[in-house]
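Biologist: I would like to learn how to read a helix and its side chains in a model. Could you take me through the features slowly, with the general idea before each case?

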Amino acid sequence: MNQYSLNRKLVQIVGILLGLGFAFWILRGMGILTFLPGGIIWLLFLAAIGVGVFSYFQRRWWRF
């Protein structure tokens, strides 16, 4: 797996996590997913930020 395919996968994961986070947030606000705790939604957003930061530094620090 080369640098570009790994970075593309990481960016896709960021998009998926953000999409799930926003979808759950909207559905919870509408009262459809009321059983879902708010902490889960925050974890999805924080995971997306973490993967995005890792993707950025992976691209900048690629040495091998």
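Modeller: We begin with burial: a residue is called buried under 20% relative accessible area, exposed over 50%, and partly exposed in between, using a 1.4 Å probe and protein chains only. This is a predicted model, in which local features need pLDDT of at least 70 and side-chain atom pairs count only at pLDDT 80 or more, while totals for chains, interfaces and linings use all residues. Residues are numbered from 1 along each chain as its sequence is written, and side-chain values use heavy atoms, leaving out hydrogens and water.

Biologist: Which residues are buried in α2?

Modeller: Helices are DSSP runs of H or I with at least four residues, numbered from the N terminus. In α2, the buried residues are Ile41, Leu44, Phe45, Ala48, Ser55 and Gln58.

Biologist: Why does serine 55 count as buried?

Modeller: Serine 55, which lies in helix α2 (residues 38-60), counts as buried because its relative accessibility is 4%. Contact means heavy atoms within 4.5 Å, and, leaving aside neighbours within four places in sequence, serine 55 is in contact with Asn7, Leu10 and Val11.

Notes. Helices (H or I, at least four residues) and strands (E, at least two) are DSSP runs, numbered from the N terminus.
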